[in-house]
Amino acid sequence: MTLVNVWFIIIAVLWTGFFVLEGFDFGVGILHRYLSRDEPDRLTVINTIGPLWDGNEVWLVVAGAAMFAAFPGWYSTMFSAFYLALALILVALILRGVSFEFRGRDQSPRWRTTWSILLTAGSIVAPLLLGVALGGLLHGLPIGADQEYTGDFLDLLQPYALYVGVTLLALCVLHGATFIALKTTGGVRDRAKRLARQVAPFVAAIVAVYAIWTHIVADKGVLPNPIEIAAILAVIAAAWFAGQGRDGWAFTLTTFVMAAVVVSIFTELFPRVMVSTGGAGTDLTVSNTASGSYTLKLMTVIFILIFPVVAAYQAWTYHTFRQRLNRTEFENATEE
């Protein structure tokens, strides 16, 4: 296996890690008002990711940096094509981060409600648009022979790409619900379990359509591959485990589903990195967008040295903050 292929796999892993970890973050942001009856409930839900959300976003930064260094041709064309969408994603992520920090600075109900709404909006917009971007890579975009994007913003809004965005958004809701159930007690946990059980069949249907449509778009027939079939079965199993109070298993299964959906995009793409609507001759591939051999070797050494340390630190963080949260810890907050 060449270093070019290795770095495609690494980038796929980084994007998958981002969606797996940030996916339940997005879900918490989307659901923190819906699953709460008062301010202590909302603080309980938000604090399930309080020590984690900023570390999870590092995966997005590293994925983008890896694309820039390993596949500069891919990076430049993709970021040119999705410039407006990526700007909106950045705004959404900034609003989320600011909401976490500013929401508790004032006890005014209007203040907290405003930041809660912005947190919810940012948590919806970011995975939706990121899904649109990933779907566009596989569906195809107007790309010239010089690897320049020749379309406009409307060319990004294809039915398949929009559906990928909806799929990832739905998965974030389910993933977030199972995470909240795993990390809380009492009424919040009960409502999260009930929501997970209710939405899982719908998410399973969404994932099933996604799997079939992805195969069709990739010109590989209708029948999903084993990973995608396993993802559909895992969603159904997650609903059952959530109903049985097996929070750990439910969360593990939604983690698998999220990973399988993202991985399927990259497996269907390879060896391409962006499909061109102008024909196979103008597709961007791992070969015609990669950096030189020396750059890839240097990056590999750096990755081998640094990534295990970062992964170990993040694993330690999750282990340290593994306890469930109870609303009694936040009952001194001013109720809305």
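Tutor: Start with burial: buried means under 20% relative accessible area, exposed over 50%, and partly exposed in between, with a 1.4 Å probe and protein chains only. This is a predicted model, where local features need pLDDT of at least 70, side-chain atom pairs count only at pLDDT 80 or more, and totals for chains, interfaces and linings use all residues. Residues are numbered from 1 along each chain as its sequence is written, and side-chain values use heavy atoms, leaving out hydrogens and water.

Student: Fine. Is Phe179 buried or exposed?

Tutor: Phe179 counts as buried, at 4% relative accessibility.

Student: And which ring does Phe179 pair with?

Tutor: Phe24. The pair is stacked, 4.1 Å centre to centre with 20° between the planes. Rings of Phe, Tyr and Trp (its six-membered ring) pair if their centres lie within 6.5 Å; planes under 30 degrees apart are stacked, over 60 edge-to-face, the rest tilted.

Student: Where do the two partners sit in the chain?

Tutor: Phe24 is in helix α1 and Phe179 in helix α7 (residues 159–183), 155 residues apart. Helices here are DSSP runs (H or I, at least four residues), numbered from the N terminus. Phe24 is also buried, at 1% relative accessibility.

Student: How many aromatic pairs in the whole structure?

Tutor: The search finds 25. One of them is Phe18 with Phe19, edge-to-face at 5.3 Å centre to centre and 75° between the planes. Phe18 is buried at 0% relative accessible area, and Phe19 at 1%.

Student: Which residues form a cluster?

Tutor: Phe8, Phe71, Trp74, Phe266 and Phe270 form one aromatic cluster.

Student: Switching to the core. How many residues are in the largest nonpolar one?

Tutor: 105. Such a core is a set of buried Ala, Val, Leu, Ile, Met, Phe, Trp, Tyr and Cys residues joined through side-chain atoms within 4.5 Å. Those with the most contacts inside it are Trp15, Phe19, Phe71, Trp74, Phe82 and Val207.

Student: Which helix gives the largest share?

Tutor: Helix α1 (residues 3–31), with 17 residues.

Student: What does Phe82 touch, sequence neighbours aside?

Tutor: Beyond neighbours within four places in sequence, Phe82 contacts Val132, Ala133, Gly136, Leu137, Leu141 and Leu156. Contact means heavy atoms within 4.5 Å.

Student: Last topic: at what angle do α5 and α6 pack?

Tutor: About 145°, with axes 8 Å apart, for α5 (residues 83–102) and α6 (residues 109–139). Axes are lines fitted to C-alpha atoms over the stretch in contact, and angles run from 0 to 180 degrees between N-to-C directions.

Definitions and conventions. Helix = DSSP H or I, 4+ residues; strand = E, 2+ residues; numbered from the N terminus.
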